[in-house]
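Visitor: Hello! I am new to protein structures and would like to learn how to read one. Could you walk me through it?

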Amino acid sequence: MSSIGENGDDRLSGLPEDTISHILSLMPTKYAVRTSILSKRWRYSWMFVTNLDFDDIHPFHSKIVLSKFVDRVMENCKSPQLRSLRLHFSSKRVKRASISSWIDKAVRLNVSELDIQVLIFKLPLSLFTCKTLTKLRIDDGNLNSRVWECPCPVNLPCLKTLDIAVHDNPFVNAFGLIRGCPILESLSLEVSIDKEEERYYIFNNIPTLKRLKLILERVFFSVTKQVVLNLPNLEYLFVGDSLGSVFVVEDLPSLVEASVSSYHMCLEFLKGISGVKSLTIDTFTFIPALPIFPNIKHLRFTSFWYSGRVLQFLESCPELKHLCIEELTGEHWIEPNLVPACMLTTLTTIKISSCKGREPEIEFLEYMLRNAKVLRAVTISWEIYQIEEKRLCAKVLELPRASRYCDIHFIGSRYHSASGYLDFEIHV
Amino acid sequence: MKSFVWLETADGLIQQVEEEVAMFCPMICREVIHKSMGSSKNHAIKLPERVTPAVLGLILDYCRFHQVAGRSNKERKTFDEKFIRLDANKLCDLVSAADSLQLRPLVDLTSCAIARMISGKTAEEIRETFHIADDLTEEEKLEPIKIKTDDSRVRLLNRLYARKRKQLKAREKSKDVEVEEERVEDRSVDDLLSFINSGDEDSKGVKLAKNKKKNRRKKNLRKDPSPNIENKNPSYKEMDSLSSSHNSEIEDLPNQSISLKFLGYVSTESDFDDGLDPALKEQLDREVEDFAQRLNSVWSK
């Protein structure tokens, strides 16, 4: 039974094999394998994909079926150089030994990127000395499963990006891994510290590191840690800490961007990162005095903030250009005596991404509009009922503006219609 | 004074294109710089065969937009999203032509669009979108599942397949259209669970299941075109000598005179001599059909 397609000819099948395998590499592997029954020509094309992407959603009904499927694909994979292997099993507990053998197979196929998010697993030794790996992403599932045990010294000569969550003996395991990566550029480390004895996490001797993301999770009764940062080439720092660890900045001269999400922040740390150009802060406890941030151009407040605190920051950022606030809260605030310097000379855009239209917010807007002399654009995203919108928009538009060229944009409330987000803009 | 480059497509058509737009393509860039081609009509750059005038127009539109330096990422993304809204065949031509001109970003963009059209669809849907002719034989599509049948659903499915195979053999001569329709449903289930054995045609290895006489008997029956029980014994011995490993999950059978491949482990064999009374058999059949229908509606989403 062979017939020409009804409406046209088949251009897809005529494409060169390289192009076909490139296309098939861009989809989850289960769909790529499915093309094998399209026609004779398509029978073996899936075997040459360079990206293997397995998940456990539909239509796999059991872990055994899933397991066999992956086995078969790995067996038949004919690509000499695997670009990536991704295993995302969020609900099926595939056997540890299977996962280990698949990772091992990938290593043998000179894999470059590995992304393992599974429930239970064991890492094969070959992974720790893989010469071709450039990107590694693993979450050890928050079980004391001895995933990271590696008797031999770790040697990953090409690894540039490491994104791991280490819940089991983090001090030894995480640092052991990091030490084995001579050209590491981007590190994302999530640890939960349980009964660890170590008090100091010292990040030094990683000269190539440009990006660092640290998430320290809270476990009760843990000892306060000290995290020491001595990374001369670090450009981007993200700190997320619910433990109240003390962060000590020894040397971060190249830092350009920092993002802080820690309830306990200390003055010393802020001084240490005061050279940044861009700062994102989540809410934290009050600090009476802030250091000056001479280079900041972008300032972003996530979560909710008191207007008074926002202004305190504005006073410390003389060169601020772009201000972003998620949500303003609090009661009446006292107008400062002096208008912050940046508002007079450099502040050009203000964004409020979750404005509820309450009194304190309107007061804040009123203050900003009245005093910011070089303001160009104010963008407000409403989180209000649609009936309120018109009134509030009108109210804001009426507020006197110090800057002649200031535009105000409104992004509509999502309560507007059932179908979703309404986006309308009133330019004035 | 704008400078132009002369390009010639495979059909002989020569056109004039602004230099900065054409130079966005690495292949054209190389021709101009290293071989000094394209400066006049007589020295037009000969474009690869896969670049037809229609596709060239599209590609040049893409280049014209993206070669402008000042555009934001958002603008570029928006343009790309609109640009890629083409029908299947145009996309194929585009990826082919962009590849021959070495325009990597466009190749990636187009490949992603094609991948989206394939990903998540059933084989029927894909064939329809891309006008792929279906040249696999019915038998080839009906490969039983090569997995351990712990899953009761899979067991039922295998039973269904066995029935279908039997029906197919019975109707081979009459060429019933009904069979085809039933097959259509089967195919979408096959989609995911059938695997191509890479050395299939010549496969000789036979792995026996853990001693289940019933299965051996069934294997022998299947080896022959007709369920001829007399042949049982000689083939049985053959099977023994060929057995290589005792993998309890998977069996392979040599493909001999029949075009059907019987691969798969079915623990409870089916219709030949079940010893079930007809009424029960019928109920079982209905159950299996019904199950397959349900499975299809879930899987062929």
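Guide: Gladly! Let us begin with strands: two strands pair if DSSP finds at least two bridges between them. In this predicted model, six bridges join strand 8 of chain A to strand 10 (residues 236–241) of chain A, and the two run parallel. One bridge links Ile215(A) to Gly240(A) in strand 10 of chain A.

Visitor: In what sense do strand 6 and strand 8 of chain A pair, and over how many bridges?

Guide: Strand 6 (residues 186–192) of chain A pairs with strand 8 of chain A in the parallel sense, over seven bridges. Here Ser186(A) has Arg211(A) of strand 8 of chain A as its bridge partner.

Visitor: Which side chains of strand 8 of chain A are buried?

Guide: In a regular strand the side chains alternate between the two faces of the sheet. Strand 8 (residues 211–217) of chain A does this: Leu212(A), Leu214(A) and Leu216(A) point to one face and are buried.

Visitor: Now the rings, please. How many aromatic pairs are there over all chains?

Guide: A pair of aromatic rings is described by the distance of the centres and the angle of the planes. The whole structure has 14 aromatic pairs. One of them, Phe175(A) with Tyr201(A), is edge-to-face, with 5.7 Å centre to centre and 85° between the planes. This pair links distant parts of the chain, 26 residues apart: Phe175(A) is in helix 5 (residues 170–179) of chain A and Tyr201(A) in strand 7 (residues 200–203) of chain A.

Visitor: Is Tyr201(A) buried or exposed?

Guide: Tyr201(A) counts as buried because its relative accessibility is 1%. Phe175(A) is buried too, at 8% relative accessible area. For a stacked pair, look at Trp382(A) and Phe410(A): 5.8 Å centre to centre, with 10° between the planes. Trp382(A) lies in strand 17 of chain A and Phe410(A) in strand 18 of chain A, so the pair ties together parts 28 residues apart in sequence.

Visitor: Where does the pLDDT stay under 50?

Guide: Where pLDDT is low, the predicted coordinates should not be read in detail. Residues 1–6 of chain A stay under 50, and residues 414–428 of chain A are below 50 as well. Chain A averages a pLDDT of 84, and 88% of the residues score at least 70.

Notes. Residues numbered from 1 in each chain as written. Chains lettered and ligands numbered in written order. Predicted model: local features only at pLDDT ≥ 70, side-chain atom pairs only at ≥ 80, totals over all residues. Heavy atoms only, no water. Phe/Tyr/Trp six-rings, centres within 6.5 Å; stacked < 30°, edge-to-face > 60°. Helix = DSSP H or I, 4+ residues; strand = E, 2+ residues; numbered from the N terminus. Buried < 20%, exposed > 50% of the residue type's maximum accessible area, 1.4 Å probe, protein only. pLDDT = per-residue confidence, 0-100. Contact = heavy atoms within 4.5 Å.
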